[in-house]
Amino acid sequence: MRPDPCKAPPDGERAGGVALSPRAAAQAAQRRASDPDASAWVGASAGSGKTKVLTDRVLRLLLRPGTRPGRILCLTFTKAAAAEMAQRTARRLGEWVVADEETLTRSLHDLTGRAPDAALRRRARALFAEVLEQPGGMRIATIHSFCQSLLRGFPLEAGLPPQFSLIEETEAATMLAEAREATLASGRLPADAIEAMAGLGSPEDFSETLRTLVKERERLGAAIAAAGGVRGSDAVLRRRLGLPAEGGEVEAVAEAARGAAREELVRAAALLRGSGNANDRARGETMKAWMDLPEGARAARWEEWTAIFLTAAEGTPRKSLATKGGLRDRHEEAQSILAAEAERVFALEESRKARRLHAASLALLALAQPVLEAYTARKARIGAVDFDDLIQAARALLYDPGSAWVLYKLDGGLDHLLLDEAQDSNAYQWEIAARLAEEFFSGLGTRPEGEEGPPRSIFAVGDEKQSIYSFQGADAAGFARWEAHFAQAVQAAGSFAAVPLNVSFRSTAPVLALVDAVFADGPARRGVVEEGDTLRHRADREADAGLVELWPPLVKPGNATLEPWHVPDEPVAEADAEALMAESLAARIAHMVRHETLPARGGRRVRPGDILVLLRRRTGFSNLLVRALKARGVTVGGVDRMRLIEQIAVQDLLALIDVLLLPEDDLQLAALLKSPLCGVSETELCDRRAPAPSRCGGACWSTAARTPPPAAPPSGWPTLPTAPTSPRPTPSWPRCWASMAGGRASWPASAPTPLTRWTRC
């Protein structure tokens with residue numbers, strides 16, 4: 001797939017009526033975005049140079065006479081991004097100090113688009129020392145770090161202890177779990193709420209829900225307070241869900257069951273029973289049997305009535321409830337009666353869903369509010385705050401009318417605000433940014449003190465398409481909403497530029513053309529491309545080849561047919577769609593490595609390191625793919641992240657520790673014996689199994705006692721050096737293995753703790 005060469009480029013990709021090359025267009029857009037005389041809002045696609053533009057803007061701000069490094073604040077989303085930007089800025093400033101005149105002139109020209117004069121070159125050479133002498137260096141930090149420093153400066157105004165401590169996510173999760181357990185064990189929670197939540201999910205589900213509510217506790221607390229407490233939330237929820245002021249699900253079902261025995265339904269059931277169609281007659285008999293039940297029994301078996309009128313998959317009214325051929329002239333009469341009942345049943349079922357949501361929400365509020373209050377109290381007792389507290393406390397401080405002087409002091413030390421990865425900011429973070437820049441564009445606040453330097457400005461770079469932190473409250477739609485807000489504010493006192501960066505330095509044209517085609521129309525377009533806009537990427541690597549392969553979807557094959565009463569010698573693998581995909585992808589990669597070449601790399605063979613596999617999320621598919629690649633002899637680096645405790649080698653060592661701590665644990669001992677630490681096969685484990693002689697000497701101990709030791713330790717075991725200063729020399733692993741093997745060979749059947757001998761080697 002290739003972009004249309006006949007399509008005229010947009011205005012931003014032309015100069016003097018001549019179409020610019022992708023690189024020239026990218027450089028022109030980057031210079032517009034980094035112009036220090038204008039505020040800018042940059043929509044940057046992946047691989048288009050977001051960090052470069054951010055760094056260029058900081059450098060061009062520093063180059064302007066009168067700009068103070070300490071009055072530039074750059075807020076990033078992650079610590080890694082902050083470190084990367086600080087490193088790039090320092091490296092460029094350092095290069096300018098030692099560069100010769102020609103190199104410095106070329107660098108400044110590439111940055112600004114204009115030939116530098118002698119004053120600009122002197123300014124560039126002096127910046128490194130000026131930034132180095134700045135107390136604390138350049139103000140490049142994450143939003144959380146900035147809020148922490150703000151609260152450190154004004155703790156009393158924020159209502160925090162002067163020496164408050166910041167707890168990490170793991171410690172916060174532990175404190176939340178402790179608060180949850182203490183609250184649930186207190187006996188003060190409503191029993192019906194506990195029973196309701198227990199029927200809705202596992203304890204892990206409740207814990208995950210609590211962690212989500214912690215991030216929304218401010219909004220949740222405000223909503224509960226506005227409703228008049230948890231009890232008042234009942235009426236609010238009923239009103240929002242369209243439920244009556246009183247009554248529950250049981251009463252609604254009982255009322256519906258009483259109304260189902262109406263005369264017209266009895267007549268319709270009789271018509272169905274007399275139909276010439278077997279399905280009609282079966283439906284009529286089912287209706288009559290249900291309507292003949294006592295009133296209480298009809299309510300208890302309401303699902304049988306709904307199955308007559310609603311589909312099993314979607315739960316919507318059935319389109320045909322009677323056949324025309326079976327009822328002939330009476331078909332229209334029966335169908336209209338049954339269709340009306342189907343609509344009534346459907347409305348009740350929708351109401352039942354709303355009632356269940358209402359009951360579950362009330363139960364969750366009744367349990368979550370005390371837990372969140374206990375969590376807040378625990379943090380207050382030790383003077384601690386978590387990361388969400390930093391954002392919320394900083395926002396409250398900046399918007400507190402009684403702390404206006406705090407904002408005054410901040411405004412006096414801030415001239416330029418830069419926001420990185422703005423698409424991942426949540427609503428509170430946007431409000432903090434808006435408050436910080438509030439005085440930038442009004443009255444005398446439009447220029448720094450002394451009327452020197454460039455006008456005060458705000459700069460944001462992001463891409464709504466790359467917002468992946470919705471689970472942390474990221475407001476992707478806020479990127480466009482706050483662009484409109486700042487554009488209106490800036491244009492009254494200065495210049496504002498909306499600059500798109502759509503030239504990719506990373507991907508080739510066929511890949512980018514596929515992306516454009518996917519988001520050109522249909523459901524994929526919504527939420528990514530605004531109405532009236534066209535998503536169009538350009539590739540800087542125009543001459544580089546690229547290829548997109550679209551594979552057909554894989555479906556799960558049928559289960560293998562096994563011969564009855566025959567036990568297979570080996571486990572029969574059940575291949576699902578993911579396993580088939582892993583095998584197919586591994587076979588494709590293996591073929592590339594063994595038979596294909598890279599023309600762009602001089603025609604050399606494809607190497608495993610040339611291939612990167614990107615997955616939408618971490619699932620079991622990654623392990624299947626790694627296993628399939630290793631089975632084909634393809635070198636693979638493994639997954640980028642793993643849980644150590646889930647690795648088989650770690651589980652073997654944990655089994656050894658479990659057996660040492662609890663010798664009666666036959667399951668862990670069996671796992672240990674089968675591991676490479678002992679090398680006992682499954683056949684040996686089953687053939688030599690003997691009845692457990694006592695509580696402390698189980699069957700696996702008998703197996704271990706009868707199993708001969710290995711002749712040598714497993715290959716590859718390292719030899720540990722002897723510590724010269726130790727009074728007891730450290731033995732080698734082979735000798736330790738021999739001692740372990742000897743100890744295992746001499747196990748008596750009644751020995752409760754023979755493995756303790758292994759730890760003495």
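Predicted model: local features only at pLDDT ≥ 70, side-chain atom pairs only at ≥ 80, totals over all residues.
**Exercise 1. Confidence.** What pLDDT does the protein chain average, and what percentage of the residues score at least 70?

*Solution.* Begin with the score itself: pLDDT is the predictor's confidence in each residue, from 0 to 100. The protein chain averages a pLDDT of 81, and 83% of the residues score at least 70.

Residues are numbered from 1 along each chain as its sequence is written, and side-chain values use heavy atoms, with hydrogens and water left out.

**Exercise 2. Backbone angles.** Determine where Arg-328 lies and whether it counts as buried or exposed.

*Solution.* Start from the background: most residues other than glycine have a negative phi. Arg-328, although not a glycine, has a positive phi of about 55°. Its place is the loop between helix H17 (324-327) and helix H18 (331-382), where helices are DSSP runs of H or I with at least four residues and strands are runs of E with at least two, numbered from the N terminus. Arg-328 counts as exposed because its relative accessibility is 65%; the classes are buried under 20% relative accessible area, exposed over 50% and partly exposed in between, with a 1.4 Å probe and protein chains only.

**Exercise 3. The largest nonpolar core.** Identify the element that gives the most to this core.

*Solution.* A nonpolar core is a set of buried Ala, Val, Leu, Ile, Met, Phe, Trp, Tyr and Cys residues joined through side-chain atoms within 4.5 Å. The largest has 43 residues, and among those that touch the most other members are Trp-41, Leu-417 and Leu-436. Elements that each supply at least two residues include strand S4 (72-76), helix H6 (143-153) and helix H19 (387-399), and H19 gives the most, with 7 residues. Finally, leaving aside neighbours within four places in sequence, the contacts of Leu-436 include Leu-73, Phe-146 and Leu-398. A second, separate core of 33 residues includes Ala-33, Leu-93, Val-131 and Leu-501.

Technical notes: Contact = heavy atoms within 4.5 Å.
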